[in-house]
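Colleague: I am new to this structure and would like to understand how its parts meet. Could you take me through the contacts one step at a time?

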Amino acid sequence: MGEEAAREKMARAQGSGKAVSVAPGIPGTLMTPMTSVASGIPVAPVLLRGARLVDPAVGRDEVADILIEGGRIANIGPDLGSAADAHGQDGAPIVVECAGKIAAPGLVDIHVHLREPGREDKETVATGTRAAAHGGFTGIAAMPNTSPVCDTGSKARFLRERAAAEGLVRVYPIGACTVGSKGEALAEMGDMLAEGAVAFSDDGHGVQSAGMTRLVMDYAKQFGATVISHCEDEGLVGRGVVNEGSASTRLGLPGWPAAAEEIHAARDIRLAELTGCRLHLAHLSTAGSVGLVRAAKKRGISVTCEVTPHHLFLDEGALGDAYDTNLKMNPPLRTAADREALVAALLDGTVDCIASDHAPHAPHEKALEFELAPFGTTGLETALPLMVTNLIGSSSCGTAGSLGGSNLPGSAGRLDWGTLVQLMAHGPRKVLGLSPVHLEKGAVADITVIDPEAEVPVVPEFFESRSANSAFLGTTLSGKATEVLVGGRFALRNGKVVGT
Amino acid sequence: MLATKHIISIEDLTPAEIELVLDTAESFKEVNERRIKKLPTLRGRTIVNLFLEPSTRTRTSFEIAAKRLSADAVNFSGDASATVKGESLADTAETLSAMVCDLVVVRHRYAGAPQILARHMDAHVINGGDGMHEHPTQALLDLFTMRERLGRLHGLRVGIVGDVCHSRVAGSLVRGLIAVGAHPVLIAPPTLLPARADALGVKAVTSLDDVLPELDVVYLLRVQMERAEGMPFPSLREYARLFGMNEARLARMRPDAIIMHPGPMNRGVEISAGVADSDRSLVLDQVNAGVAVRMAAMYLLLGGED
C-alpha cells in the first residue's frame with residue numbers, strides 16, 4: 001500500500017472508527033486494501049438457486065435465487081435462472097442448486113492462530129485459510145502471537161502479502177498491543193493499522209499491568225480500533241491447566257480458577273469505561289464473565305465478547321480420567337453451570353459472536369504429559385457444525401457423539417438461523433469494525449451456503465488444517481458449509497475446497 | 001488375579017480386589033520374615049522401575065519386591081521433563097516396549113504420565129506416584145497397616161493432615177479408604193486443601209484439635225519444604241503449632257488410635273521426635289508392609305498369565 005493510501009486509511013479509521021470498506025472490485029480480480037485473497041483468475045457469474053436466504057440485518061428469510069456477477073450480488077429474487085441465461089453465452093452463470101440449504105452472508109472467525117510465521121509445521125496461511133473455507137468462513141482474523149510476534153507494520157504487511165499470495169479467504173491481521181506481547185511497551189499500532197491490521201491484542205496471555213492496559217486503550221482509542229483482551233490473571237493461574245475445582249482435585253492437576261478470568265475482565269471493562277476504548281473480551285469461559293459483560297452493556301460501556309464452541313459444548317466432566325491433551329485449552333473447560341450460562345448469554349444477546357480460537361498444534365507436542373502439552377484445540381472446521389448440531393438441530397441428525405459431556409440435552413432448537421448468522425457473520429464484523437456484508441443487491445459476494453443435514457465425521461482425515469488436535473475427535477456432527485464464495489469466487493464448492 | 005491390567009488409580013481395583021491384595025500381601029509378609037526371602041513366582045519376568053523423578057525409598061521397595069519374586073528388576077532413571085531430556089515419555093514407553101518387559105513401575109512428576117505409558121506399551125503399568133494425582137501402592141500399604149493393627153478397615157475414622165492438595169499419597173488414600181468403607185477427613189489450613197474436597201467424596205476441616213479425639217488414625221503428610229511459589233503458611237513453627245503431632249496431642253487421642261506417615265518425616269514439623277519413636281507410630285510398619293503389598297500387586301498382575 002502506498003503512503004498516501006495508508007494515510008487515507010488511517011484518517012478514515014480515526015475519523016469514523018469505522019473500518020475501511022471493501023474497495024470496488026476490478027472485474028475479474030479482488031483488490032481490497034485490508035484483505036486479500038489469491039487473485040488473477042477471472043470470476044465467472046454464479047447463480048445460487050433455491051436456497052433459503054437468511055440475513056437478519058436486512059430482514060431477509062426467504063427462498064430465492066442469488067445471481068453473482070463481478071464479485072458482487074447482481075440480483076436476488078425468485079427464478080433468476082432465465083434472466084441470467086438471457087445474458088448470452090459469454091456470461092452464462094455457474095448454477096449451484098441449493099434447495100434445502102441455507103445461504104448466509106459469509107461467516108467470519110475473528111480468533112484464529114495461523115502460526116505463520118514461525119510454526120509452519122502446525123499451520124500456514126495456505127492451510128489455515130483452506131481450513132477456514134472448509135469450515136464455512138469467508139474471512140478470518142489472525143492473532144499476533146506468531147514467531148516473531150506481529151507487532152510492527154512490516155509484520156502485518158507480511159501476513160497480508162502471504163494472504164494475497166496463498167490465502168483462500170480474507171485474512172485480517174490482528175496486531176500486538178505491546179512489543180513482543182510482553183506487556184512492557186506500546187507496539188506501533190498506527191504503523192500496523194496502515195499496513196492492514198484491524199484490531200489489537202496480546203492474546204496468548206493477558207496484559208498483566210492495569211497501567212499498561214490503560215496506556216494501550218488510551219492509545220488505541222485515537223484510531224477507533226478494538227482492543228481484544230485475553231483475560232488471565234497470571235498470579236492466580238500459576239501453573240493451572242484445568243478448571244480449579246472438581247477437575248483439578250480429581251486429576252491432581254494445577255487449577256486455573258474462574259476468578260482469574262473474571263478479575264481481569266472486570267478490570268478491563270472498568271478501563272474501557274475510563275478510556276472510552278472499544279474493548280472486546282476473547283474466549284470468555286465463565287458464568288461470572290458473561291455476567292460482567294451483560295452488566296457493562298447495560299451501563300453503556302463499549303464492550304463486546306466472544307465465546308468458543310468448545311466452551312459452549314464441553315465442560316470439565318469431559319476430561320474423565322484419560323488426560324486427553326486435546327481437551328487442554330486456555331481458558332480451560334469449566335463447569336456444566338458455566339457452560340449453561342454461556343449458552344444463555346448467547347441466546348440473550350450478551351455474547352456478540354462465536355469465535356473458534358483455532359489453535360493448531362503438532363502431534364508430538366500434544367502427545368506430552370498433560371501439564372507439558374500446549375494449550376489449544378483446532379476449531380475452524382468444527383465451529384459451524386457444532387453450532388448447528390447442538391443448538392439448531394434438525395429432524396434427521398443425531399446429536400454429537402459419545403464424548404463425555406459434549407451434548408447439551410434438549411438444546412437443539414434453541415437457536416434460529418437468523419441468530420446464528422448474527423453470531424457468526426454480522427457480530428464478528430461488527431466487533432472488529434469491518435464493513436458489513438449483506439444479502440442484498442450490490443453487496444460484495446461473500447456468501448456461505450450451508451447444508452444443515454450434511455454429516456460431519458470428526459476424524460483426522462476430515463481436516464484441511466495441517467493439525468488435527470480437535471477436542472471433538474470421534475464425534476459425528478451434522479451441518480456443514482457446502483459453498484463458500486469470497487468476492488464471488490469459490491473457496492469451497494460441493495463441500496470441497498477449491499484452489500491451490 | 002485382578003480384572004484390571006494396570007494399577008494406575010486405586011479405583012482400578014474393586015473393594016474386593018483391594019481385600020485380595022491385602023490378603024495376598026499377608027502371606028508375602030510371612031515370606032519376608034524367613035531367612036530365604038525369595039519365591040520363584042515371577043522367574044523370567046522383567047520388571048522395569050521407570051523412576052523419572054528422584055526417589056530412593058519407593059524405588060528400593062519395588063526393587064526388593066520384584067527380586068523376592070525372582071523377577072529381573074531393572075532400574076531406569078531420568079529426568080521427567082521432555083523439554084530437558086529430549087525424548088518424550090511416549091518414545092520412552094515404546095523403547096521399553098521394544099525391549100519386551102512385562103511390567104513397568106512408573107514414578108513421574110506429572111499427573112497422567114502412567115496413562116501415556118499404558119497407551120504406548122503392552123506391559124502392565126503400576127503407578128508409583130504421578131504428580132499430585134495418585135500413588136496407589138502407598139494407599140494399599142497404608143490400608144494393610146491399618147487393618148493389621150486395628151483389625152478392620154470398615155468404619156475407621158482417618159484424619160489426613162497436611163499438604164493434601166499437593167499430595168498423591170492423599171489422592172489415593174482418600175479413594176481407597178472410601179472404597180473399603182472407612183471415613184477419611186482432610187485436615188489442613190485452607191491453603192493446603194484441594195479446591196473441591198467433595199469431588200473426592202470427603203469432608204475437609206481446618207482444625208486438627210477439634211477432630212483429634214474422634215480419630216482412629218492420624219495420617220500425617222510430609223510438609224514440602226522446597227516450594228517454588230512461596231510457602232502456603234507463614235512458618236514451619238506456626239505449622240507445627242497448629243497441625244503438628246506432638247505428645248500433648250497424642251494424649252488427647254483415643255487410647256488405641258495410631259499415627260502414620262508415608263515418610264520421609266520432618267521431625268519437629270509435622271511430627272515430634274517423641275511421637276515418631278513412640279509405639280503408637282506405625283511408620284516403620286508401613287515401610288515393612290510396602291514390600292509385601294508391592295509383591296502382592298506384582299504377583300496379582302503378572303502371576304496369572306502363565
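Colleague: Into which domains is chain B divided?

Modeller: Please keep in mind that this is a predicted model. One part of chain B is written as two stretches, 10–135 and 287–305, and together they make up domain 1. The stretch 136–282 forms the other part, so named under an automatic or database domain assignment, and the division of chain B is therefore into domain 1 (10–135 + 287–305) and domain 2 (136–282).

Colleague: Which element gives the most to the side of domain 1 of chain B that touches domain 2 of chain B?

Modeller: The centres of these two domains of chain B, taken over C-alpha atoms, are 25 Å apart, and 24 residues of domain 1 are in contact with 21 residues of domain 2. On the domain 1 side, α1 (15–32), β4 (124–130) and α12 (283–302) of chain B each supply at least two residues. The element that gives the most, with 6 residues, is α12(B).

Colleague: From which element does the largest share of the side of chain B that touches chain A come?

Modeller: Here 23 residues of chain B are in contact with 21 residues of chain A. At least two residues of the chain B side are supplied by each of α4 (89–98), α5 (113–120) and α7 (168–179) of chain B. The largest share, 3 residues, comes from α5(B).

Colleague: How many nonpolar residues does the side of chain B that touches chain A have?

Modeller: Sorted by class, that side of chain B has 4 charged and 7 polar residues. The count of its nonpolar residues is 12.

Technical notes:
Residues numbered from 1 in each chain as written. Chains lettered and ligands numbered in written order. Predicted model: local features only at pLDDT ≥ 70, side-chain atom pairs only at ≥ 80, totals over all residues. Contact = placed C-beta atoms within 7 Å. Helix = DSSP H or I, 4+ residues; strand = E, 2+ residues; numbered from the N terminus. Nonpolar A, V, L, I, M, F, W, Y, C, P; charged D, E, K, R; others polar.
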